[in-house]
Amino acid sequence: MSDPITSMLREDRVFEPSAHFLENIGAIAVTDMASYTRMYRQSIDDPTTFWGAIAKDFHWYRPFSTVVQWNAPDAKWFADGTTNVCANCVDRQVQSGHGDEVAIIWEGEPCAPEPDVRRLTYRDLQRDVSQTANALKSIGVRRGDIVTIYMGMVPELTIAMLACARIGAPHSVIFGGFAPNAIVDRVHDAKSKVIITCDGGWRRGSVVPLKKNVDDACEKLPEVEHILVVQRTNTPVTMRAGRDLWWHEIVAAQSTECPCEEMNSEDLLFLLYTSGSTGKPKGICHTTGGYMVYTAYTAKTTFNLVAGRNHVYFCTADIGWITGHSYIVYGMLPNRVPTVMYEGAPNFPAEDRFWAMVARHKVTHFYTAPTAIRAFMKWGDQHPAKHDLSSLLLLGTVGEPINPQAWIWYHQNIGAARCPIVDTMWQTETGGHIITPLPGCTPTVPGSCTLPFFGIDAAIVDDKGEELPPNQGGLLVIRKPWPGMLRGIHGDRDRFIETYWSRIAGMYVAGDGARRDERGYFWIMGRIDDVINVSGHRLGTMEVESALVSHPAVVEAAVVGMPHEIKGTGIAAFVTLAPSFTGAADDSLRRQLAEHVTKEIGAIARPDMIRFTALLPKTRSGKIMRRLLRDIAAGRDSTQDTTTLEDFTVLAKLRESDE
């Protein structure tokens, strides 16, 4: 990186910790910035003492004597200790007298005339997980076998994950929106002989053909011996004798007693595949002890969870992604706070679905993605306004940087200007939060993820690994190990090193361009491959998007590079207008928006093309597929993988438009 990333968009609004939150949350995890600074310093300088004390709060069959061993890029945490994640999520709660407390609140689709709601206690989970674990053992699953799970968002998904953890069989959850070819790649890489799925899943009133997708994939997967099928939609499916088994038949026949397997701390807990613009999916490896400790502790601290305080936590992610793994399941259950799961879509049966759920279940903690927040803005303020959201104490964001304008809308319209917002930065590879405010102590600034979490030695550096001064953009790196970090890419040591550790020796390179301001707060400016080089100046796409969204006419924007005769690379902006905007989407508005960006950032950031669109191409998890927009802006046919694209008509409409 020979030149700094241009970074001039500023945000000066500062929000101190909320008095309402401090008065109503219960115990405060971290009470002030002096405490944060002291704890952070210890976590970096003396990780053995810091993480050793936290880890001892969990159940260990054999206590660990060493906390961390580090030989970059390889870390081992609590390596000589043995434990079981399922025991810490479920059995420990039952054994300590909390078995009848609610662990999971599930709301399914369809939602009319009355919501389809199930509440599972820790005792329910212990019974169902044990029976499922015994069912898996009965069809030959043994410790170390990787079980693939391809399901909708039903309670059986969580039960299946915990059952795998209980018997030491790592799971590989595949997001239920993936097509058969994506299933083939992941099952083949994991060498799974068993797949767990559903007959179908509900989404916007229609059935997603999950079992059929698995059947189609298995035409290329002769190694699959058994498919375990949950009956959810009562859709007619093909059941092949000897291979396919109904969940409700085989699980119900099992004993409710199943001892937890004693697992070494560094035993594999799960694989989770991430896909990039090129190459086969990467099977990210997370192990047992370090991930267990890190996810539970980050959840407790970032969200300030207090057991027994009537907290109800709702993360809107799908468990097929790391957010669901860490902050619906494994980070939440050890903290004994009910976690909400939902099936379907946020705008079915109506655009106020989430707010109806918040009111119905008295949700206190709400965690969603910036792309969802921008959708809420587009749908209109009237939807949250008609529901009682007074139970909310804390809001969170995850998945990508949040535009300041969306942050303010979230703060005012959902949090009633009284809920702190934790803008969490992390990745599949990190296992849990790595940069985030702590709600009881961190003053927040819209658009900034603020400060590193405990144990995260984060920095902004140049290509040589030298730390850069404030407000100079560079590479986001982590210089020391942390308990939740990935342990590798399944079956591909060389790719693990090349992807994360080769750019700067001894440092984990997150793949994001970022800067750090005068107060030490981090600002994520976009993926490295989303940085645009305009006439020799490197611009972070996130800041140009934020400038566009700060205009009252715009609710969402995506910015990519495009070929330019003079500049080399120009700036193409795809803009979705706010419902409240009543003017024309014409050249006059384009000029206004271009001038607005110039005013906010500078002339170098002025878009060369602005195209108006009702929708942006997004994955089912809500991330904008900017690589597809780059192809459209360049006027070329795309050869990129579109298996995760939710609505294929969006691309066709963008290509047809001359705007």
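The legends below describe close-up views of a predicted model.

**View 1. The crossing of helices α7 and α8.** Helix α7, which spans residues 180–190, and helix α8, which spans residues 210–218, have axes that come within 8 Å and cross at roughly 60°. Angles from 65 to 115 degrees count as roughly perpendicular and those under 35 degrees as roughly parallel, and α7 and α8 are therefore oblique to each other. The handedness of this crossing of α7 and α8 is right-handed. On the α7 side the contact is made by Pro 180, Ile 183 and Val 184, and on the α8 side by Asn 213, Val 214, Asp 216 and Ala 217. Sorted by class, the residues of this contact of α7 with α8 comprise five nonpolar, one polar and one charged.

**View 2. The crossing of helices α4 and α6.** The axes of α4 and helix α6, the latter formed by residues 155–167, come within 8 Å and cross at roughly 120°, an angle that makes α4 oblique to α6. The crossing of α4 and α6 is left-handed, whereas that of α7 and α8 is right-handed. In the contact itself, Cys 86, Cys 89, Val 90 and Asp 91 of α4 meet Leu 162, Ala 165 and Arg 166 of α6. Five nonpolar and two charged residues take part in this contact of α4 with α6, and no polar ones.

**View 3. The second largest pocket and its lining.** This second largest pocket holds about 490 Å³ of space and is lined by 22 residues, of which Asp 57, Ala 296, Lys 300, Pro 334 and Asn 335 lie nearest its centre. Two elements, α4 (85–98) and α10 (288–302), are those that give two or more residues to the lining of the second largest pocket, and α10 gives the most, with four residues. By class, the lining of the second largest pocket divides into 13 nonpolar, five polar and four charged residues.

**View 4. The largest cavity and the residues around it.** Four cavities of 30 Å³ or more are found when the whole structure is searched, and the largest cavity contains about 50 Å³ of space. Its lining is made up of Asn 84, Val 85, Cys 164, Ala 165, Gly 168, Ala 169, Pro 170, Met 263, Leu 268, Leu 269 and Thr 288. At least two residues of the lining of the largest cavity come from each of α6 and β15 (268–274). Eight of the lining residues of the largest cavity are nonpolar and three are polar, and none is charged. Ala 165, which lines this largest cavity, is also one of the α6 residues that meet α4.

View 5. Most peptide bonds are trans.

**View 6. The backbone at Asn 234.** Most residues other than glycine have a negative phi. Asn 234, a residue other than glycine, has a positive phi, with a value near 55°, and Asn 234 is found in the loop between β12 (226–230) and β13 (244–246).

Note on methods
Residues numbered from 1 in each chain as written. Predicted model: local features only at pLDDT ≥ 70, side-chain atom pairs only at ≥ 80, totals over all residues. Heavy atoms only, no water. Axes fitted to C-alpha atoms, helices over the stretch in contact; angles between N-to-C directions. Parallel < 35°, antiparallel > 145°, perpendicular 65-115°, else oblique. Left-handed = near helix turned anticlockwise from the far one by under 90°. Contact = heavy atoms within 4.5 Å. Nonpolar A, V, L, I, M, F, W, Y, C, P; charged D, E, K, R; others polar. 1 Å grid on protein atoms, 1.4 Å probe; cavity = no way out; pocket = protein on both sides within 12 Å on 5 of 7 lines; lining within 4 Å. Points joined across faces, edges and corners; volume = space filled by probe spheres on them.
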